[in-house]
Amino acid sequence: MKFRPANKIQDLQYFGEFGGVNPSISDSATYTFLSAKTMLDTFEGQAEGCYLYSRHTSPSNLYLGEALAAMEGTETANVAGSGMGAITATILQFCNAGDHVVSSRTIYGGTYAFLKNFTPKFNIQTSFVDITNLEKVEAAINENTKILYCEAVSNPLLEVADIKGLAEIAKRHGLQLLVDNTFSPMIISPIELGADVVLHSLTKFINGTNDTMGGVVCGSQELINSLRSVIDGAAMLLGPSMDSLRAASILKNMRTLHIRIKQHSKNAQYLAEQFENLGLKTVYPGLASHPSHELFKTMMNEEYGFGGLLTLDVGSLDKANALMEMMQGENLGYLAVSLGFYKTLFSAPGTSTSSEIPEDEQAEMGLTDGLIRFSIGLDNDIERTFRMMRRCMTKVGILETVSA
Ligand SMILES: *Cc1c(COP(=O)(O)O)cnc(C)c1O
């Protein structure tokens, strides 16, 4: 049976306090109790439906979490104030001092820096591997390994993780498979493919309006309870909580996520094909030339396409910068990090979002100087966008003068 993430979200029904079609926003940091005994029970996690304090959780945060859990097919979810807030708390919840992580080497720069530079303080060590090579992944596992970490589609190189293959390895070694699905919400459903936990930065496609940060961990009730525990829960004790007003606004934006993803993918597919036809070095999972194109097809929920991200290697950082400045000047998008916005966003990851990764390691993983990461927008007339982009490429000398 096909998994239908958009149906799962649509099938949720909410009523506001006065019969509103949107749930009421719980604009409170703390909550009253009619009896003192219930307060104690709530602290001990025994009073279903009672709220304590918004760092723990709030009705608005639970509504948003419910929609995200429905989308990913998990029992439940816990939202956080940023993607990193969700990712770091979850890793720390699973790992104790002396434990070991096997992670993809091509991951978001912040996650990479956390595993490389921060968790060693707690004697949690990480081996970074080429996630597309399952033999190397398995060989990196040792007796202390607790988690296997990857991104479904990696930032910024758009490598695709074989989630089924990784899940088999994880099962065999008793590990938890954590998948960051920020680049491919709706498109890939990691739980369906055997992952244990799904993470997202809501800041990107899921919210889609670049007005707030947010994050989520989707998983079992047991995991989420442990994250929220007042005794030893990383989400509760480190405090990366989301504000209720933001939870309410992200929930409303989520209702158009399926439509937006289709348009992002359609536009990105068109541009990737055109760029490749011009002879540019283009990486996009929807191109037959992508090394994991066939794998991606076996994993995807068909109707959503291959996602909104593509990369172009224009040869040098100077050319990349010149092109990005010109495209911004022509109002084709913004020279900005992040992704999932209605306008196209572009940046050179080597000097921005992945600058945490040392230069020699960047080179080893194929992250070149001239690489531009594009998050393709919702443009209604992508043919016009392409013509304008091609003109910019000609002007900055990336393309030979082509007949218009
Ligand atoms: C942006 C991003 C993050 C971090 O999320 P924030 O909301 O910025 O904290 C994590 N993973 C990926 C793949 C991202 O793109």
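This report covers the domains, the ligand site, the salt bridges and some local features of a predicted model.

## Domain layout

The chain splits into two domains. Domain 1 spans 5–254, and domain 2 spans 257–403. Their centres, taken over C-alpha atoms, are 28 Å apart.

The two domains meet at an interface. On one side, 37 residues of domain 1 take part, in contact with 42 residues of domain 2. The area buried between domain 1 and domain 2 is about 3200 Å². Carbon and sulfur atoms give 66% of that area. In domain 1, the residues that lose the most area to domain 2 are L158, I187 and F205. Together these three account for 23% of what the domain 1 side buries.

How many salt bridges are counted between domain 1 and domain 2? The count is one. A salt bridge joins the side chains of K116 and E361, at 3.3 Å from N to O. Side chains of opposite charge can pair when their charged atoms come close. Polar contacts also cross the interface of domain 1 and domain 2, with eleven residue pairs found.

Which elements give two or more residues to the side of domain 1 that touches domain 2? They are helix 1 (5–10), helix 5 (109–118) and helix 10 (244–254). Helix 5 gives the most, with five residues. By class, the side of domain 1 that touches domain 2 has 22 nonpolar residues. Eleven polar and four charged residues make up the rest of that side.

## Ligand site

The ligand is surrounded by 15 residues. The closest are G83, D180, S201, T203 and K204.

D180 uses its side chain, with a polar atom 2.6 Å from a nitrogen atom of the ligand. K204 also uses its side chain, where an N or O atom is 2.7 Å from an oxygen atom of the ligand.

The structure holds seven salt bridges. One of them pairs E303 with R4, whose closest N and O atoms are 2.9 Å apart. E303 lies in the loop between helix 12 (293–299) and strand 9 (309–313), and R4 lies in the segment before helix 1, so the pair ties together parts that are 299 residues apart in sequence.

## Backbone features

Most residues other than glycine have a negative phi, and most peptide bonds are trans.

P156 sits in the loop between strand 4 (145–151) and helix 7 (163–173).

## Sequence separation and space

Where does Y51 lie? Y51 is in the loop between helix 2 (36–43) and helix 3 (59–72). Beyond residues up to four places away in sequence, Y51 touches Y31, F33, T57, S58, P59 and L62. I131 is 80 residues from Y51 in sequence, and their C-alpha atoms are 41 Å apart in space.

M388 belongs to helix 15 (residues 382–395). N331 is 57 residues from M388 along the chain, and 9.7 Å separate their C-alpha atoms. With neighbours within four places in sequence left aside, M388 is in contact with E330 and L332.

Technical notes:
Residues are numbered from 1 along each chain as its sequence is written. This is a predicted model: local features need pLDDT of at least 70, side-chain atom pairs count only at pLDDT 80 or more; totals for chains, interfaces and linings use all residues. Side-chain values use heavy atoms; hydrogens and water are left out. Domain bounds come from an automatic or database domain assignment. Contact means heavy atoms within 4.5 Å. Buried area is the accessible area (1.4 Å probe) that two parts lose on being put together, summed over both. A salt bridge is a side-chain nitrogen of Lys or Arg within 4 Å of a carboxyl oxygen of Asp or Glu. A polar contact is a pair of N or O atoms within 3.5 Å; within protein, one must be able to donate a hydrogen and the other to accept it, and residues adjacent in sequence count only if both atoms are side-chain atoms. Helices (H or I, at least four residues) and strands (E, at least two) are DSSP runs, numbered from the N terminus. Ala, Val, Leu, Ile, Met, Phe, Trp, Tyr, Cys and Pro count as nonpolar, Asp, Glu, Lys and Arg as charged, and the others, Gly among them, as polar. A residue is near a molecule or strand if one of its heavy atoms lies within 4 Å of it.
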